[in-house]
Amino acid sequence: MRATSQQPSATGPHPVQRAQFAVGEFVERQYRRVLGAVARLRGGGRSGGQAPLPLAPGTLLVQKDAGQSWVVVWIGAVVQSLDVEDVPVQIVVRRPGGERSVRVVLRRYCIDGERSESGLPADLRFLHGQVMVPDLDPATGYEVALVAGPLHPAEPIRARTLPRELEPGRPLRLFAASCYDADTDARDALDAAFGSVFADEAPDLTLLLGDQVYADAPAWRYALMSRHTPRTGLLLKYWRTWGMQPDPDGHARRGLRGVLGSGPTYFLPDDHEFWNNWPNRTVTAKHSYGNIWSALVNGHRRRRAVVPDTIGPAVKEPFDPRVPPSDPLQQSYLPVHPGEWDAWGLASFELFGSFQASGMRALSRGERDDQLPAGPPEPGTENRIHRPRHPVLQLIDIDPLTIALLDTRTRRTRRVRHPYHSAFVDPEFLDRMLDAAERAPVFVLALSQPVLQPAAWLGNHGRRERFSLLGDTGMQDYWHQYQRFWTELVRRRAGRPTVTLGGDIHQSYVAVTESTRLNLVEVVASPMSLVSGGGWLPVLSRAAAVPTGRDEPSYRPGTEVVRLRDLVAGPRDPGVELDGAAWSLGCLPKNRPGFAGLAVERIGADAVRLDVRIFDRDAVAATAESGTAPTATVRQSFRLDFGERPGVHPLTTAGPALPAAAPDRLPTP
């Protein structure tokens with residue numbers, strides 16, 4: 001679907017815009033030439049050989065989600081001199097004693113319109129597809145391999161179905177992490193550390209909690225060039241991050257490939273799959289500096305477009321949900337349309353839908369899908385908000401555990417304070433998550449951001465709503481929905497144990513609440529590899545905090561993370577009284593690359609044990625080179641009771657029916 005660009009006015013480009021656009025185009029053109037020359041000098045210069053193609057040919061297999069009797073396998077391939085639109089291939093799924101072959105058709109992702117700018121050879125193509133493999137055994141590991149055919153050979157991967165329930169002596173192992181910039185992990189430290197921690201057996205579940213790719217990094221390149229090659233640039237970013245694109249000198253890179261090839265992988269998006277603080281404006285998201293005038297004008301229109309606070313609808317939904325709205329009220333108060341920024345926004349949704357999103361659906365054909373809607377919308381879809389392009393809520397049930405992954409990024413509204421419209425997720429998906437929380441004996445909620453954050457309403461309810469170029473909007477900024485999120489979660493959990501997982505903030509820590517009404521453990525793991533230039537972020541944060549007098553949050557052991565009453569604060573009476581606070585039990589230093597390993601084991605009819613380990617990536621990678629067993633920086637264990645007397649009990653010593661603290665090489669015995 002071809003999206004309509006945001007227009008600064010109905011009378012055509014402003015003279016200032018035309019002049020500024022011409023200057024911007026000239027600067028960008030010269031800048032691209034310089035970057036191209038530098039790339040040609042680097043490619044092959046150090047190795048004495050030929051530089052790799054801008055998009056290296058190869059084939060990659062990844063297991064996405066799974067059930068007790070099925071797995072979903074994704075296949076991506078870059079091919080050369082294969083002039084076809086669809087390619088049928090076969091994969092084989094095997095284990096000792098048997099194997100089966102499954103056919104899948106890969107479809108072409110078209111980026112031909114960008115080749116004059118990207119420099120990609122005309123015969124270089126990207127193909128992708130996915131297939132569900134049914135009729136498998138529960139809690140069983142398989143090898144998945146590509147059958148020889150027209151594609152380049154692929155490295156076999158491990159796939160695994162899910163167990164029906166937790167069993168004593170067989171812990172469920174999880175890997176959880178977020179924020180990975182392949183450009184700053186030049187020595188593949190993450191791959192080495194992951195392989196060391198999970199050397200004995202791969203994790204049963206991998207949960208990647210957002211910013212798996214930094215589409216907008218490095219910022220200086222993104223701001224100047226991304227408008228010209230949005231699909232090609234992001235595809236190359238994914239291919240490199242997924243471990244398939246070598247360095248310009250030909251040196252192979254693993255990236256996330258080892259993590260992605262280890263079993264069921266579930267993904268959440270966050271802002272950097274799009275751009276910083278998406279869908280809000282930011283200094284690096286101006287549709288290139290050549291279009292900064294139109295972005296400024298349209299932003300001004302949106303800021304002036306305000307509706308009264310109402311408990312019901314105040315903004316009319318668009319007649320045709322296929323077309324990005326041009327009405328500033330719809331742009332501000334309704335979930336942001338994927339096509340609002342043409343291919344620049346569409347590419348992010350298309351490639352997230354391919355490389356990361358779960359669920360079986362037809363994958364995008366790229367430019368081949370860029371066409372204006374023909375005729376009126378289908379009957380029954382008129383005057384509706386556009387539907388999500390991927391699953392917003394993912395649920396995994398392993399008795400007594402329910403794991404929910406909730407996408408709180410891609411359905412956000414720009415306005416954050418309206419009682420009815422403002423939301424970080426559609427109310428229907430929030431309600432479904434809360435229903436799952438009410439049913440689950442033990443509930444694990446995975447989000448892209450930490451939720452032990454005080455409601456923003458506390459600090460700004462007497463101030464006008466602001467739109468900052470440098471800010472970072474969180475769930476806590478949505479006054480009404482954040483309050484409902486917490487009040488309903490507390491009510492529906494009724495004291496039973498809850499574990500929240502988060503990322504985003506470039507800080508890894510473990511925290512626990514001190515309350516009988518909210519028994520909760522929070523584990524935050526970020527980053528796997530710090531974004532280029534990320535070392536300056538604390539400096540900017542401290543500078544921004546000077547006018548307000550607020551200090552940077554501290555997660556040192558024993559530090560109060562949040563007062564629990566501040567979670568449920570908001571514009572209405574919460575109807576829930578929460579005393580006590582959440583306290584940090586340990587952390588990595590700010591910006592230190594790391595990840596979390598968790599193990600959950602049933603230890604009784606109404607109890608499970610939770611072991612949490614946070615690993616310093618570089619320290620573990622260094623010990624892996626010497627053959628030394630990995631050591632976690634943060635080690636915490638808990639007994640989670642969900643019977644008549646529910647609670648979360650930290651284990652500092654061995655307790656009744658509990659083994660001593662588990663070693664740091666997962667799985668736990």
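Visitor: At what angle do helix α10 and helix α12 pack, and how far apart are their axes?
Guide: This is a predicted model, so read each value as computed from it. Helix α10 covers residues 427–439 and helix α12 covers residues 479–493. Their packing angle is about 20°, and the axes lie 9 Å apart. Angles under 35 degrees count as roughly parallel. That makes α10 roughly parallel to α12.

Visitor: Which hand does the crossing of α10 and α12 have, left or right?
Guide: The crossing is right-handed.

Visitor: Which residues meet where α10 faces α12?
Guide: Look along both helices. From α10 come Pro 427, Leu 430, Asp 431, Met 433, Leu 434, Asp 435, Ala 437 and Glu 438. From α12 come Gln 481, Arg 484, Phe 485, Glu 488, Leu 489, Arg 492 and Arg 493. By class, the residues of this contact split into 7 nonpolar, 1 polar and 7 charged.

Visitor: Now another pair. How do helix α3 and helix α14 pack?
Guide: Helix α3 spans residues 189–197, and helix α14 spans residues 617–626. They pack at about 70°, with axes 8 Å apart. The range from 65 to 115 degrees counts as roughly perpendicular. That makes α3 roughly perpendicular to α14.

Visitor: Which residues make the contact between α3 and α14?
Guide: On α3, they are Ala 189, Leu 190, Ala 192, Ala 193, Ser 196 and Val 197. On α14, they are Arg 617, Asp 618, Val 620, Ala 621 and Ala 624.

Visitor: Is α3 mostly covered or mostly uncovered?
Guide: Count its buried residues. In α3, 7 of the 9 residues are buried, and the helix is mostly covered. The buried ones are Ala 189, Leu 190, Asp 191, Ala 193, Phe 194, Ser 196 and Val 197.

Visitor: What do the buried residues of α3 pack against?
Guide: Both helices and strands. The helices are α6 (257–260) and α14. The strands are β8 (172–177), β19 (594–604) and β20 (607–616).

Visitor: Let us turn to the backbone. Where does the model have a cis peptide bond?
Guide: The bond from Ala 217 to Pro 218 is cis, with omega near -10°. Pro 218 sits in the loop between β9 (205–208) and α4 (219–225). Trp 278 and Pro 279 are also joined by a cis bond, with omega about 10°. Pro 279 belongs to the loop between β10 (265–267) and α7 (292–304).

Visitor: Is Asn 277 buried or exposed?
Guide: Asn 277 has a relative accessible area of 2%. Buried means under 20%, so Asn 277 is buried.

Visitor: What is phi at Asn 591, and where is the residue?
Guide: Phi of Asn 591 is near 75°, again positive in a residue other than glycine. Asn 591 lies in the loop between β18 (581–587) and β19. The relative accessible area of Asn 591 is 13%, so Asn 591 is buried.

Visitor: Now a strand residue. Where does Glu 560 lie, and what is it in contact with?
Guide: Glu 560 lies in strand β17, residues 560–563. Its neighbours within four places in sequence are set aside here. Glu 560 then contacts Ala 581, Ala 582 and Trp 583. Glu 560 and Gly 580 are 20 residues apart along the chain, with C-alpha atoms separated by 10.0 Å. Glu 560 is partly exposed, with a relative accessible area of 37%.

Visitor: Step back to the whole chain. How many helices and strands does it have?
Guide: The protein chain has 14 helices and 22 strands. Of its 669 residues, 58% count as buried. Take the contacts with a separation of 6 or more: residues 24 or more positions apart account for 76% of them.

Visitor: And confidence: what pLDDT does the chain average?
Guide: The average is 87, and 83% of the residues score at least 70. Read some stretches with care. Over residues 43–51, pLDDT stays under 50, and the model has 9 contacts there beyond four places in sequence. Over residues 653–662, pLDDT also stays under 50, with 17 such contacts.

Methods. Residues are numbered from 1 along each chain as its sequence is written. This is a predicted model: local features need pLDDT of at least 70, side-chain atom pairs count only at pLDDT 80 or more; totals for chains, interfaces and linings use all residues. Side-chain values use heavy atoms; hydrogens and water are left out. pLDDT is the predictor's confidence in each residue, from 0 to 100. Contact means heavy atoms within 4.5 Å. Axes are lines fitted to C-alpha atoms, for helices over the stretch in contact, and angles run from 0 to 180 degrees between N-to-C directions. Helices (H or I, at least four residues) and strands (E, at least two) are DSSP runs, numbered from the N terminus. Angles under 35 degrees count as roughly parallel, over 145 as roughly antiparallel, 65 to 115 as roughly perpendicular and the rest as oblique. A crossing is left-handed if the near helix is turned anticlockwise from the far one by less than a right angle, and right-handed if clockwise. Ala, Val, Leu, Ile, Met, Phe, Trp, Tyr, Cys and Pro count as nonpolar, Asp, Glu, Lys and Arg as charged, and the others, Gly among them, as polar. Buried means under 20% relative accessible area, exposed over 50%, partly exposed in between (1.4 Å probe, protein chains only).
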